[in-house]
Every structure is written in structure tokens, then in C-alpha cells.
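Let's take a walk through this one together, from an open pocket to the packing inside. Have the viewer ready and follow along as the residues come up.

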Amino acid sequence: PRQMKADQSLQEKFTIWIPTKNRSNFLLRLLKYYTATDYRGNLFIGDSSEGEHLEKNRDTVKSFEGPLNIYYREFPKLSVGYTSAELVPLIETEFSSPLPDDDFIITSSIAPSIQYLMNHDDVSGVNGKSIILSVDTDGAFGEVAGTREYPLAEVLNSTGKDRLAHLFNNMHSLLICVLRTNNFKDVYKKIGRLPYLHSQHNFDELIGCIVMSTRGKIVKLPFLSLCRQGHSKQHYHTVDQYDWFTDKDWHFAFKLMEMTAIEELIRAEKMTEDVAKEQFKE
């Protein structure tokens, strides 16, 4: 009981924010999980849903407001990045994490991750082992059809420039782990400036990875921290790569990412702008 209270106290320092759109069953499943595992942190839900899905989400959130600490806002027609850019400035807890509505942060991993961050100022984020699963219905509910390991980023280099170089040469998912909210607030000031397409595909994630990796190590601890689901309704994989690369705003998004990297390298390594640009070019 004493350890349980300590873990719950640490969870209260944590916010998960969930952008969602037209996937009401996934949101229902997620809130069922956090209720069943007695999650004591905050859940910020940014809902861009329409029609029947919006109505279902409103009812679902109301039904879970007792056992869970939920902040719910509707953001019609906003992208994942823009929705997050609206939610993140409102987060008051010291630690936080973004979460797609079809994935789970393992509740038992939250407290030890926060404790590790509190004990290590040179660490930017903490994750653990992760799996990706499929469901036989290709939806939120059904029998598990298969699982496999899903690698998360681990970046342990001692300098910001070496961590950035390591990350770009070993790109794995970095942002869905326990991270420091102040860094996220800086990230989403940038992402809020991205053109619509790029606020939800590639550049949004890269900007986040640049800031987090240059500001500290990303440490992987020996427990399960994340369960992701692969399915046909994942928005990320619906973006055509040719359309993305030839989009009229691609260069603006790239330059914003580049300048973010240069600013972070100057901050981390006290190098000049010219040296930082050369480092990024490498």
C-alpha cells in the first residue's frame, strides 16, 4: 500500500494528452484501460471528431469523468499537431507525453520513469520496452492477432550534437515516452507555425526529436512502457510521400526544422551559428 501511494503521487505529476479524430471506439478503449489500471494523472483530450463520433466521445468522456482526471476540448478541423499546440500550453504538470488514441502508455511504468527523471537532470526523457499489436477485427476491440517488438529511441551520447547525430542515424520513435513538459512547450511553439500538412507528418515529429535529444539523454529502462496498435485506419500512413515532398510549403517546413536544430545546437554546445549549421548539414 505504501508503494502504491508513492506511485500514485508521482502519477499526479504527469499528463497524457490525446489528439483524436473520428475513432470513438479507440478513445473508449483507452479510457477503460486507464480506469482499470487506476491511473491518477491527468488526461487532456483534444477532439477533432465530427458527427456520430463526436457525440459518442462527449458521452464517453462524461461517463469516465468520475474515476479519471479528464480535461476535454473540441478542436474541429484541426490537425494532430495544431490540436497538440493548443493543449500543451495548458499543461501544468512537470512531466507529460503525447498519446495517439490507439496506443497505451503502460500505467505501471509512469512512476519509475518520473522518479528517474527527477534523479537525473541530464536526462530529457525515459521510455522502456514496447510492443506493437494487431487485432483480428482491425478495430479497437477483438482478439489479439499478433504482437512484435516495437523499438523506441535510446540516445545516451554525452553531448547534444552527438545525440542529434545518433538520432538522425538511428531514427526510432522518441516522443511517446515520459518527457519534461517545459521542453514540449518549446516544441509546440514551433509546430504551431508549421503549415497544415507538415503539422501532422514528419516535420512535427522531427522538430520534437531535435529539441528533446539535444537537451538531454533518452534512457530506456527494463520494463514494458508502451503498447502500440497497427491497423488500416492509421492517419500517418495515408499521406502520399510524393505529395508530401512536392508540397508548396515543404521548404518552409524544412527551414523551420533546420533553424530549430541550429538554435538547439547553439544552446547545447555554445557553438556559433555557422558551426551549428555545418553540424546539422552533416
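**Pocket, cavity, cores and rings**

Lining the second largest pocket are Lys 161, Leu 164, Ala 165, Phe 168, Asn 169, Gln 279, Phe 280, Lys 281 and Glu 282. Here a pocket is an open set of points on a 1 Å grid over the protein atoms alone, with protein on both sides within 12 Å along at least five of seven lines, and lining residues have an atom within 4 Å of a point. The space in it comes to about 180 Å³, where a volume is the space filled by probe spheres set on the points, with grid points joined across faces, edges and corners. Both α6 and α11 supply at least two residues of that lining, and α6 gives the most, with 5 residues. Helices (H or I, at least four residues) and strands (E, at least two) are DSSP runs, numbered from the N terminus.

A word on the ground rules: this is a predicted model, with local features needing pLDDT of at least 70 and side-chain atom pairs counting only at pLDDT 80 or more, while totals for chains, interfaces and linings use all residues. Residues are numbered from 1 along each chain as its sequence is written, and side-chain values use heavy atoms, with hydrogens and water left out.

Rolling a probe the size of a water molecule over the atoms shows where empty space is left. A cavity is a set of grid points where a 1.4 Å probe fits but cannot get out, and searching the whole structure turns up 1 cavity of 30 Å³ or more. The largest cavity has a volume of about 50 Å³. Its lining includes Ile 105, Ser 109, Ile 176 and Ser 225, and β6 (123–135) and β9 (217–229) each supply at least two of the lining residues. Look at Ser 109, in the loop between β5 (104–105) and α5 (110–119). Ser 109 is buried, at 3% relative accessible area; buried means under 20%, exposed over 50%, and partly exposed in between (1.4 Å probe, protein chains only). Leaving out residues up to four places away in sequence, Ser 109 is in contact (heavy atoms within 4.5 Å) with Phe 223, Leu 224 and Ser 225.

On to the packing. A nonpolar core is a set of buried Ala, Val, Leu, Ile, Met, Phe, Trp, Tyr and Cys residues joined through side-chain atoms within 4.5 Å. The largest one has 40 residues, and Trp 17, Leu 174, Phe 184, Tyr 188 and Phe 203 have the most contacts inside it. At least two residues of this core come from each of α4, α6 (160–169), α7, α8, α10 (250–269) and α11 (273–281). A second, separate core of 38 residues includes Tyr 34, Ile 105, Ile 110 and Ile 176. Back in α4, the buried residues are Gly 81, Thr 83, Ser 84, Ala 85 and Leu 87, and their cover includes β1 (14–20), β2 (42–47), β3 (69–74) and α7.

How many aromatic pairs are there? The count is 16, taking rings of Phe, Tyr and Trp (its six-membered ring) with centres within 6.5 Å; planes under 30 degrees apart are stacked, over 60 edge-to-face, and the rest tilted. Tyr 82 and Tyr 196 make an edge-to-face pair, 5.7 Å centre to centre with 75° between the planes. Tyr 82 sits in helix α4 (residues 80–87) and Tyr 196 in the loop between α7 (181–191) and α8 (203–215), so this pair ties together parts 114 residues apart in sequence. Tyr 196 is partly exposed, at 37%. Trp 244 and Phe 245 form a tilted pair, 6.3 Å centre to centre and 40° between the planes. Of these two, Trp 244 is buried at 12% relative accessibility, whereas Phe 245 is exposed at 52%. Ring pairs also link both into a cluster with Phe 168, Phe 203, Trp 250, Phe 254 and Phe 280.

Asp 47, in strand β2, is buried at 1% and touches residues including Thr 20, Leu 54, Asn 57 and Tyr 72. Arg 29, in helix α2 (residues 24–36), is buried at 11%. Among its contacts are Asp 102, Phe 104 and Gln 229.
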